Amino acid sequence: MRKLFLLLPFIIFFSCEKNVTNDILPNVSVNVTINIDLPQYIDLQTPTGWTEITGGIKGILIQNTGIGNPPYKAYDRACPNNDCATPMVFDGSLKMKCPCDNSEYSIIDGSPQTSGNIHFAREYRVNVLNSSTLNITNF
C-alpha cells in the first residue's frame, strides 16, 4: 500500500495534458496598448464583448469573457494547424473557426474543439494597466 502512495504523484505528473504550441506559426513580437474607452473598443467593457485589432500574425482577437482576473482573452487569428491564408473568424460564440479546414478553438482557453487537432490557438497575455487601458503582449 505504501508503494502505491509513492507511485501516485508520478502517475498524476505524467498524465497531465500540456498546452501544445505550434511550430508552424512564426514567432512575432506583440506589444499593443489599447484604450477601451475609444468607440472601436467600447464592446470590451461588457462581458462577451469582443474586438479585432491589427498585430500578431494575422490580427488579434480580444474578448471580455466576464470570468477570471483579468477577464480578457487575446488570441492570434492565425490558424494553428496549417498555413491558412485566411484568418480565423469569430462570431461572438465560444469558438473561433479556421475557414480552411473548419477546425474550431475555444475562446476560453484556446483548446482545439475539433477531434484530431492537438495544437492550441496562440494566446497572448492581456495586462490591465488601468480601468481603461489594456496591453497585449507575448507571454
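Reader: Why is cysteine 100 called partly exposed?

Author: Cysteine 100 has a relative accessible area of 46%. Buried means under 20%, exposed over 50%, and partly exposed in between (1.4 Å probe, protein chains only). So 46% makes cysteine 100 partly exposed. The model is predicted: local features need pLDDT of at least 70, side-chain atom pairs count only at pLDDT 80 or more, and totals for chains, interfaces and linings use all residues. Residues are numbered from 1 along each chain as its sequence is written, and side-chain values use heavy atoms, leaving out hydrogens and water.

Reader: What makes the link of cysteine 84 to cysteine 100 a disulfide?

Author: The S to S distance is 1.7 Å. A disulfide is a pair of cysteine sulfur atoms within 2.5 Å, so this pair qualifies. The link has 75 degrees about the S-S bond and is right-handed. Strands are DSSP runs of E, at least two residues; helices are runs of H or I, at least four; both are numbered from the N terminus.

Reader: Is cysteine 84 buried or exposed?

Author: Cysteine 84 is at 2% relative accessibility, so it counts as buried.

Reader: How many disulfides does the structure hold?

Author: The structure holds 2 disulfides. Cysteine 79 and cysteine 98 also form one, with sulfur atoms 2.0 Å apart. That link is right-handed as well, with 105 degrees about the S-S bond. Cysteine 79 sits in the loop between β4 and β5, and cysteine 98 in the loop between β6 (95–97) and β7 (104–106), 19 residues apart. Counted along the chain, the bonded cysteines follow the pattern 1-3, 2-4.

Reader: Why do cysteine 79 and cysteine 98 count as buried?

Author: Cysteine 79 has 2% relative accessibility, so it is buried. Cysteine 98 has 0%, so it is buried too.

Reader: Why is the pair of tryptophan 50 and phenylalanine 90 called edge-to-face?

Author: The count of aromatic pairs comes to 1. The ring centres of tryptophan 50 and phenylalanine 90 are 5.0 Å apart and their planes stand at 85 degrees, so the pair is edge-to-face. The rule takes rings of Phe, Tyr and Trp (its six-membered ring) with centres within 6.5 Å; planes under 30 degrees apart are stacked, over 60 edge-to-face, the rest tilted. Tryptophan 50 is in strand β2 (residues 50–53) and phenylalanine 90 in strand β5 (residues 89–90), 40 residues apart.

Reader: How do the two rings' residues stand in accessibility?

Author: Tryptophan 50 has 26%, so it is partly exposed. Phenylalanine 90 has 7%, so it is buried.

Reader: What makes the link of asparagine 81 and tyrosine 105 a polar contact?

Author: Their side chains meet at 2.4 Å. A polar contact is a pair of N or O atoms within 3.5 Å; within protein, one must be able to donate a hydrogen and the other to accept it, and residues adjacent in sequence count only if both atoms are side-chain atoms. The side chain of asparagine 81 also contacts that of asparagine 117, at 3.4 Å. Asparagine 81 lies in the loop between β4 and β5. With 18% relative accessible area, asparagine 81 is buried.

Reader: Why is isoleucine 67 called exposed?

Author: Isoleucine 67 has a relative accessible area of 52%, so it is exposed. Isoleucine 67 is in the loop between β3 (60–64) and β4 (72–76).
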